[in-house]
Amino acid sequence: QVQLVESGGGLVQAGGSLRLSCAASGIIRSINPMGWYRQAPGKQRELVATITSRGSTRYADSVKGRFTISRDNAKNTVHLQMNSLKPEDTAVYYCNAGGLTLAYTPFDSWGQGTQVTVSS
């Protein structure tokens with residue numbers, strides 16, 4: 001089993017910054033990709049950003065230029081630096097990782113979610 005633990009959410013004023021972190025643990029052989037998704041009240045979960053093991057990134061149009069995703073392959077961690085936050089960024093943010101266990105079993109794991117609230 002692979003577990004993801006997120007940290008770093010909270011309450012911030014518009015224009016402020018937050019940094020989310022996610023650590024994967026378990027019998028991991030490889031992880032690719034890792035990413036962040038978010039779900040606002042009454043809305044579907046949406047992609048925020050993903051990053052491959054080689055560092056290729058993809059961002060939602062709504063966060064381009066404001067958010068930066070990064071990862072440490074050696075530590076199986078992924079981070080999301082969020083700058084210039086807007087009230088519409090308010091949501092529960094979920095970490096996601098897919099890959100292979102040591103037994104070559106594929107996995108697709110989600111974290112428990114961390115609340116980000118941006119006040120106007």
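Me: Which residues does the disulfide join?
Reply: Sulfur atoms of two cysteines count as a disulfide when they lie within 2.5 Å, and by this rule the predicted model has one disulfide. The S to S distance in this disulfide is 2.1 Å, and the residues joined are C22 and C95.

Me: How many residues apart in sequence are the parts that the pair of C22 and C95 ties together?
Reply: The disulfide between C22 and C95 has one end in strand β3, residues 18-26, where C22 lies, and the other in strand β9, residues 91-101, where C95 lies. Because the two cysteines lie in these two strands, the pair ties together parts whose separation in sequence is 73 residues.

Me: Is the disulfide of C22 and C95 left-handed or right-handed?
Reply: C22 is buried, and C95 is buried as well. The torsion about the S-S bond of these cysteines is about -85 degrees, and therefore the disulfide is left-handed.

Me: What is the geometry of the aromatic pair of Y37 and W110?
Reply: A pair of aromatic rings is described by the distance of the centres and the angle of the planes. The structure holds one aromatic pair, and in this pair Y37 and W110 are 5.1 Å apart centre to centre, with 65 degrees between the planes. Planes over 60 degrees apart count as edge-to-face, so the pair of Y37 and W110 is edge-to-face.

Me: Which strands do Y37 and W110 lie in?
Reply: Y37 is buried, with a relative accessible area of 19%, whereas W110 is partly exposed at 37% relative accessibility. The pair ties together parts that are 73 residues apart in sequence, because Y37 lies in strand β4 (residues 28-39) and W110 in strand β10 (residues 106-110).

Me: R45 lies over the face of which residue?
Reply: R45 is found in the loop between β4 and β5, and at 35% relative accessibility R45 counts as partly exposed. Not counting residues up to four places away in sequence, R45 touches Y37, R38, Q39, Y94 and W110. At 4.7 Å from the ring centre, R45 lies over the face of W110.

Me: What is the length of the polar contact that joins the side chains of S21 and H79?
Reply: S21 is found in strand β3 and is buried, with a relative accessible area of 18%. Among the residues that S21 touches, not counting residues up to four places away in sequence, are W36, V78 and H79. The side chains of S21 and H79 are joined by a polar contact of 2.9 Å.

Me: How far apart in space are N76 and S53, C-alpha to C-alpha?
Reply: N76 has its place in the loop between β7 and β8, and its contacts, not counting residues up to four places away in sequence, include C22, A23 and A24. Although N76 and S53 are 23 residues apart in sequence, their C-alpha to C-alpha separation in space is 9.8 Å.

Key. Residues are numbered from 1 along each chain as its sequence is written. This is a predicted model: local features need pLDDT of at least 70, side-chain atom pairs count only at pLDDT 80 or more; totals for chains, interfaces and linings use all residues. Side-chain values use heavy atoms; hydrogens and water are left out. Helices (H or I, at least four residues) and strands (E, at least two) are DSSP runs, numbered from the N terminus. Buried means under 20% relative accessible area, exposed over 50%, partly exposed in between (1.4 Å probe, protein chains only). Rings of Phe, Tyr and Trp (its six-membered ring) pair if their centres lie within 6.5 Å; planes under 30 degrees apart count as stacked, over 60 as edge-to-face and the rest as tilted. A charge sits over a ring if NZ of Lys or CZ of Arg is within 6 Å of the ring centre and within 35 degrees of the ring normal. Contact means heavy atoms within 4.5 Å. A polar contact is a pair of N or O atoms within 3.5 Å; within protein, one must be able to donate a hydrogen and the other to accept it, and residues adjacent in sequence count only if both atoms are side-chain atoms.
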